[in-house]
Amino acid sequence: MAESDRMDKLVSLCKRRGFVFQSSELYGGLGSVWDYGPLGVELKRNIKDRWWHAMVRARDDIEGLDAGILMHPKVWEASGHVAGFTDPLVDCKHCKNRFRVDDPRIKGKPGEPDAQCPGCGTKGNLTAPRLFNLMFKTFMGPVEESAALVYLRPETAQGIYVNYLNVLQGSRQKVPFGIAQIGKAFRNEITPGNFIFRTREFEQMEMQFFVRPGTDEEWFEFWRHERMTWHASLGVRAEKLRFHPHGADELAHYAKAAYDIEYEFPFGWHEFEGIHNRTDFDLSRHQAHSGKKLEYFDQERNERYLPYVVETSVGADRTALVVLADAYHEEAVEGETRVVLRLHPSLAPIKASVLPLVKKDGLPEIALRIYHDLKLRFNTFYDDGGSIGRRYRRQDEAGTPFAITVDGQTKDDATVTVRHRDTLAQERVAMDRLAAYFGEHLGA
Ligand code: GAP
């Protein structure tokens, strides 16, 4: 299967099965904003829960935070985003489209008469490149004037920096320690695309780890390996993951060193997590712009310093695309093509489906009892519509790891068939052991 077909098939499965829909589709869609349907919202929640568990609950040295999306506008001056979070863009005076200056479809040099617009094809209408800020602006309060201008945050990290002393004081942590946050971020991307890969509204899962200057390189190494291990624990195939160290020309304005974690998507290798050594760039800028001291007093060493920060920053939506793309498989089963999402059980939106073999002989009643019992602990789905084969296929496409079939034998010996999504193996399990069985197999 060609990789572009694979992407098209994944996008269509996501719509068909209720993972992801185009935003405002009823009105023709809104560019690069996507809505998560019933299965998608469960998948993304499971990803975020796994991240929160690994980064906050399972560690003693990281605290959680949920800061506001709107922040004081000076935050973005201090962070360098007002001046530096820009892309060089060119406008077409004829068709009014805007392009990145490095768009390979542009022929000639923008601003000169021979430059050709990739949108409308006219020559001489492309402006010379201008810097365009990627932050969304809005107004706070009733007056639309520049004094009320605020930005939708383009990263969640700044909410952590401006709260770092609050968290430190309230939590009794000592450096080294971290603060983690999951939340929405917004960027007016000029070349969004590839489904949920690059969107204008997205969720980030970010952690800022505050360390003593001089120990930052060691922690940077620690966190980049830790994060790679986490991705592998989601079941993502190792050969599809790699590190990409940033060269000097690629580093963001705040970083001394950076590694991307990349995945081989159907459209090529791309970043979905960044590990950054941000030094004391952000804290020193906030200290200077706010006029408030942000130093840490290290009692053991009897010294004051501004901590350095090692950041891990991963997109929840991009991770969803990674696990979906990695899980999508087509295979021939009994002369038919089976489409299956081999999602890790901990990420699967539905853990088990309960299916009476036929809609009579008391089987639906037994199946419903099992369903109501199990759904108290696991996200379970009841389905009695259509042939058993079709019901299996629907659950394979939803990535459900187990199907429980209630059949004639159930009435004789109180056992059911448990079908495994990936191997198609079937085994008989006693009805009263099902909760324990899934507890073992789902790690719940
Ligand atoms: N605080 C650092 C930071 O924001 P970044 O490399 O710009 O660093 C981190 O973004 C992660 O956020 C990316 O690896 C990606 O997963 C996600 N991300 C960034 N821009 C995105 C967009 N337009 N759409 C979806 N995800 C995005």
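View 1. A polar side-chain atom of Arg-187 sits 2.9 Å from an oxygen atom of the ligand, a polar contact being a pair of N or O atoms within 3.5 Å. For Glu-155, a polar side-chain atom lies 2.5 Å from a nitrogen atom of the ligand. Glu-206 has a side-chain N or O atom 2.5 Å from a ligand nitrogen atom. Around the ligand there are 19 residues, and the closest are Glu-155, Glu-189, Thr-199, Glu-206 and Glu-271; a residue counts here if one of its heavy atoms lies within 4 Å.

A word on the model: this is a predicted model, where local features need pLDDT of at least 70 and side-chain atom pairs pLDDT 80 or more, while totals for chains, interfaces and linings use all residues. Residues are numbered from 1 along each chain, and side-chain values use heavy atoms, without hydrogens or water.

**View 2. Helix H1 meets helix H9.** Here H1 (residues 3–16) and H9 (residues 316–327) cross at roughly 110°, their axes coming within 11 Å. That angle makes H1 roughly perpendicular to H9 (65 to 115 degrees). Arg-6, Met-7, Leu-10 and Cys-14 of H1 touch Leu-321, Leu-324 and Ala-325 of H9, contact meaning heavy atoms within 4.5 Å. This contact of H1 with H9 has six nonpolar residues, no polar ones and one charged.

**View 3. Helix H2 packs against helix H7.** H2 (residues 38–57) and H7 (residues 216–233) pack at about 140°, with axes 12 Å apart. Ile-47, Arg-50, Trp-51, Ala-54 and Met-55 in H2 meet Trp-223, Arg-227, Trp-230 and Ser-233 in H7.

Conventions
Axes fitted to C-alpha atoms, helices over the stretch in contact; angles between N-to-C directions. Helix = DSSP H or I, 4+ residues; strand = E, 2+ residues; numbered from the N terminus. Polar contact = N/O pair within 3.5 Å; in protein donor to acceptor, adjacent residues only side chain to side chain. Parallel < 35°, antiparallel > 145°, perpendicular 65-115°, else oblique. Nonpolar A, V, L, I, M, F, W, Y, C, P; charged D, E, K, R; others polar.
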